[in-house]
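Hello,

Here is the structure for your files. My notes on it follow below.

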Amino acid sequence: MKCTKWVALAAGFIGLAFLWMPLSLQAQLVLSLAALGAMFFGMTRPENTVFRFITFVFCAVLALRYAFWRTTETLPSISDPLDFIPGLLLYIAEMYCLVMLAISFFMLADPIKRVAPKVRSLEELPTVDVLIPTYNEDPELLAGTLAAAKSMIYPRDKVSIWLLDDGGTEAKRTQKDPVLAIAATRRHEQLKALCRAMGVNYHARKKNDHAKAGNLNDGLRVSRAELVVVFDADHAPVREFLKETVSFFREDPKLFLVQTPHYFLNPDPLEKNLQTFRAMPSENEMFYSVLQRGLDKWNASFFCGSAAVLRRKALETTGGFSGQSITEDCETALSLHAKGWNSLYVDKPLIAGLQPETFVGFIGQRARWCQGMLQILILNRPFLAKGLTVGQRICYAGINLFWLFPLSRMVFMLSPLLYIFFSLEIYHANIQEFGAYALTYLVASFAMQSYLYGKVRWPWVSELYEYVQSVMLVGSIVSVIRNPRKPTFNVTAKGQTLDSNGLSAIAVPYFVIFFVLLAAAVYSMWRLATEPVASDLLLIVAMWNFLNLFLAAAGLGVVAERRELRRNQRLPIRRHGLLRQGGLTWDVVLLDASSGGVSVQFPEQEPDIDPKTDWSAEIEVRRAGRPVHFQVTIRSIRQFEGGNIFGFAFPERNPQTFMAIAEIMYADQQPLQDRISRRQVRLDIVRGTLRFAGWSLVESSRAAGYLLGFGRAGKVASFADAPITVKNNNASIPAKTPQLELAAEGARSHA
């Protein structure tokens, strides 16, 4: 081990010795190839910290040699402002990327994998308050989350569950607009009845100050437990959630946060529209499977707004959840870290939630994140905050600075056009210099991306996610820079459906960019073919523009919305159960489940079922030796090799049904982990590039078809648009219990 450490140190000194040494072009090329070779050697043992350090050092050599050359030899003359100003903007964008590369090396130096300590006795377990803030989410969605929260493994006398309703506050129920007041009152009464039926606490504050942070703080005021768990309204926990998190607080009295990853049952718009959800790692997996573990090394893993446990005593030292920015989660963690409290991250999927289904909703969510993080950067200045360690300053500054990526991404997208159309020379280099410095640096960057994130992010996918966000987020950045206190909190719509294919309502800018880049590609080819002496710079810029076109074409597939009629997202499971009907019993295997029903397979003899009839039965599954029963009716039969898959629906949606749904879907976190593990497969640069090229060709053609058909994405519907059984009520959960019937009647009487 000592030998490998000396090897790492030697590699560092050798690398640093070459940083500023003046070299000929040929020597630079030899150095670059040698550094690449050393990088690839370091990558052979990705779990070894010393080898990781070797990889970082030699990648840094290439990056810094490129930065030195870029600074000293490629910038246009300041005496020519038409070249110099855009050239300087491009240079700043590149230096920003180098800074972010350096910060990522620091954050990912030695990621941590946590294992929960064992609980010695139930008496030592602390009391827990589960806070579930809600604003306009549908009661059906809330019922599923409440049922899952109630099913968590924990002593019943030590846990309380609170639904914090910001949609039924006193201010909303007494506002001047009678229509809105009636709607708020109906929601208030219905959710109170739902909470009574499910045996949880309901609370609505007087007025909606400070959005989600204010709602959580009012929840702190009315609750009393030592620990506080926060779940978003659509985040249903698995039964082991508290078992995997709470015990850490007994090990460290200064621990204020245990954060867990956010796992999603449904695809985001990119995954849905490019049809990658089942095979490709999700966007959030890079953050939750890699970056948060790296932040944990520096005691800088932060609160992500949900799926977390916090210590009340710590929150009291800062006056509760912070509400200065619209990303109250990260701001709260920053405040507590500055007070000397600790955090840690558990890399286990322990909740299942929903993410925006439409591209408009996706951009709205990212705009809030972007503006909130930049608010923290400007107003809280984490790099100067007192009380933080050097490591925490670097990590927080990096996380906040990341959200400036739309500016650099759009600079990279548009810069080639300045030379192709107007011959502005904003980057001075010949093809040999470009190969020796820039090309080797780009190869190193792609290799490092694969090395650090290969299992959680395929080639070119990060660039695509950044591009589709950048087009719309530039305005958000400008807005928050002009007035850091202006942005307001907006709830992200979840559980939406689309009834037909079509273009997103905000697709026009993506088509404009695509056609401009396409025109630039055609014009650059014409210039290369017709100009007597085409410059090396023109060839470099033409290739650069072609890569941008490649990216923009795939982006068209993202804004070409595919219809989504599924309201209830399925979770693959494999559980044994018994199906009983008319005195007969069959063994069944539950294949998947949703809040709408289950799919089952009969491993032995199948019953004679006609899906056109009202065939009802009871299914029994067991939990800790105790039976759980629920009623089902036949919905469909799908044939496959070796048998049939039977789809059963829940005939009614009462609290008991949702408790059964929670037992079926969230009894174990292993199905969530298995689904993530199946997707986290490395894809090399060649196969990744070919796959991405396929998206560019196929998906841009599909988007063009929508455009020629003047297609707009179909009608957007949410849970609240589903058929209901209570008239004059906004809920989509049928009122089958006396409590819900009473709530509906009370709402009608008040109206």
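First, a definition: on a 1 Å grid over the protein atoms alone, a cavity is a set of points where a 1.4 Å probe fits but cannot get out, and lining residues have an atom within 4 Å of a point. Grid points are joined across faces, edges and corners, and a volume is the space filled by probe spheres set on the points.

This is a predicted model, in which local features need pLDDT of at least 70 and side-chain atom pairs count only at pLDDT 80 or more, while totals for chains, interfaces and linings use all residues. Residues are numbered from 1 along each chain as its sequence is written, and side-chain values use heavy atoms, with hydrogens and water left out.

Cavities

Searching the whole structure gives five cavities of 30 Å³ or more. The largest cavity holds about 230 Å³ of space. Its lining has 19 residues, and Leu141, Leu265, Leu354, Ser595 and Tyr666 lie nearest the centre. Two or more lining residues come from each of α5 (139-150) and α21 (655-666); helices here are DSSP runs (H or I, at least four residues), as are strands (E, at least two), numbered from the N terminus. By type, the lining of the largest cavity has ten nonpolar, six polar and three charged residues. Ala, Val, Leu, Ile, Met, Phe, Trp, Tyr, Cys and Pro count as nonpolar, Asp, Glu, Lys and Arg as charged, and the others, Gly among them, as polar.

The second largest cavity has about 60 Å³. Among the residues that line it are Pro117, Lys118, Arg120, Val246 and Arg250. Its lining divides into five nonpolar, one polar and five charged residues.

Second largest pocket

A pocket is an open set of points with protein on both sides within 12 Å along at least five of seven lines. The second largest pocket has a volume of about 790 Å³. It is lined by 36 residues, with Ser289, Val290, Arg293, Lys455 and Gln680 closest to its centre. α11 gives the most to this lining, six residues. The lining of the second largest pocket counts 15 nonpolar, eleven polar and ten charged residues.

The chain as a whole

The protein chain has 24 helices and 19 strands. Of its 751 residues, 58% are buried (under 20% relative accessible area, with exposed over 50% and partly exposed in between; 1.4 Å probe, protein chains only).

Regards
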